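Let us walk through this structure step by step.

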Amino acid sequence: MVAADLRGLPEGRGQRLRGAYQTPRPDQGPPRKSRKKLQVIICVLLVELCERFTFFGIVCNMILFCTVKLGYDNYLAATVNLSFIGASTLTPVLVGWFAETCLGRTKVLYLCAFLHFFGTAMLPVVAFPFEDFYIDTHHMTHQLEPREQQILFYIGLLAAALGIGGIRAILCPMGAYSLQGYNQHQLLGFFNWFYWLVNLNSTVVFLGIAYIQQSVAKNLAFLIPFTSVLLALIAIHMMRNKLTYKPKKGGSLLTTLGVFANSLRMCCLHYRHLSGDVTSWLDRAKENNGGRYSETHVENVKVLAKLFPLYGLQLLYRACITQIPSGYYIQTMNSKLHLNDLLLPIGAMNVISILPLLLLAPLFECVASCYLSTGKTPLAPAKLITLGHICAALSVLLAGLSELQRKSYPLVEQTLSGKVLQVSSMPCFQLAPQYVLLGLAEALVTPACSLISFQLTPSHLRGISLHFLTLSYGGGCLLGAFIVQLVYFISGGNFYPNILHDGNLERFFFLLATLMALNAVVFWSVSHRYMDLSVQGKALTVSPLAEKLLHYKASLRFYDTVDHASIESIL
């Protein structure tokens, strides 16, 4: 009777009365929500751990493998490494868009989990000595030809990059975090602790993977594909039990890029076919100005366009940061790695660059709390970014000076991956200050950039804002690879030599330090745009009737048959 009566009620009243008549179940309510939230947190942390383990397992000694095993020159090994890092950074945006618009999140996740396993299983087969596990009954070793080895190597890298992108996009999207209502101090604290956890994870992974790959039981590197299988199982569990969060929809990457393309096209056609002035060149894309996009879409893009100088100036900074796995790595590889009788893993030096991130996040939180308790305003995020850019420039400058000092030491023999190399007798720990400065730069810049991207955009545009920030990070890695190639060919190999004692790698560092200093000056000159974060960006919303009137106005204006002010007065 009650159920029949409830079905006849309106939807809103029926739902309220059903809640009153139904007896609450024991498995529903706050305890179940708390258990589910805890399960989500544990699963996300495990996904981050497994994904970082596989990613750094590939990146950690790629340059060593490319130079020693594949016989690549230093510049080519650095290019391959930076390209893989850049591709792995860009694919979450591209695969996330593909999942939302084409194939669906579940199918894309399963496909990316398979690609991730395929890539991480392929790389150990190619990278480690076949005599360890491919000896038949006649004690004949099965070896691949160098060309086949390189083909399989690049296929494995491509598959792993696509798999990493899909897993990051679907299981750990930054846009899915519910941060609405947080003030500036709370947001900065969130980003500081978020990157603190990521880098704590990276520290453990770097130490473990670097030592396994370089010093002991190389077959243990098959832990990487095993970890990939574990990652896939966790991903399937999260998807089947609905433990994944979808970012809030609002705007589209293709729509945003389309507005820019249409604005440029309309600007080119403006003087030949159209008339009238606009306040912004992006207004050319509006329908009432002859463009293809609505008022709402264009105004949303104008909000995002205010952040484009921030994104653009992160490109060179990110190219500078990528010197840790490329230029700094090559420096360390050609320095003395022995500490008494222990051969230190090259990747262990990366931990030195992570230490500032681990130490400064709690310190920043304490300083900000002290400032707020005394009524003072903490340092603005734009100023933190400027200081970070200066630290990055000083780090690369110090790397050039360290290279001059390193070449002044006599050469000694050092065995890496079974090959005897002539390296400088300067201890690798003398390179530590440049690692520390670059880590300090990362601690200052990355949380502040994320904070500005969140604070200056409306809630429904924050996902697209973070996509552009991610694109700038990936583009910076690819820019670093391009700079290495360009400098190598312009200098004839002198600025990025294969044998460091026969070239001038320090000039490459001095050039990069000069560019980074100019980048810091340019950012300082535009940083006033990002000082006041108290007023968030507001996007325009237009009613359907107004949209139709604007469309009608555009049609009349195109044939120049109506007074422009008449319809504007109506709107």
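Ala-78 sits in helix 5, residues 74-103. Helices here are DSSP runs of H or I with at least four residues, numbered from the N terminus. The model is predicted: local features need pLDDT of at least 70, side-chain atom pairs count only at pLDDT 80 or more, and totals for chains, interfaces and linings use all residues. Residues are numbered from 1 along each chain as its sequence is written, and side-chain values use heavy atoms, leaving out hydrogens and water.

Ala-78 counts as buried because its relative accessibility is 0%. Buried means under 20% relative accessible area (1.4 Å probe, protein chains only). Leaving aside residues up to four places away in sequence, Ala-78 touches Ile-63, Ser-326, Val-484 and Tyr-496. Contact means heavy atoms within 4.5 Å. Ala-78 and Gln-323 are 245 residues apart in sequence, yet 9.1 Å apart in space, C-alpha to C-alpha.

Next comes Gln-314, in helix 12 (residues 308-321). Gln-314 is buried too, because its relative accessibility is 0%. Among the residues Gln-314 touches are Val-445, Cys-449 and Ser-472.

Now turn to a helix pair. Helix 16 (residues 432-455) and helix 17 (residues 462-491) pack at about 145 degrees, with axes 9 Å apart. Axes are lines fitted to C-alpha atoms, for helices over the stretch in contact, and angles run from 0 to 180 degrees between N-to-C directions. On the helix 16 side, the contact includes Cys-449 and Phe-454; on the helix 17 side, it includes Arg-462 and Tyr-473.

Technical notes: Helices (H or I, at least four residues) and strands (E, at least two) are DSSP runs, numbered from the N terminus. Buried means under 20% relative accessible area, exposed over 50%, partly exposed in between (1.4 Å probe, protein chains only).
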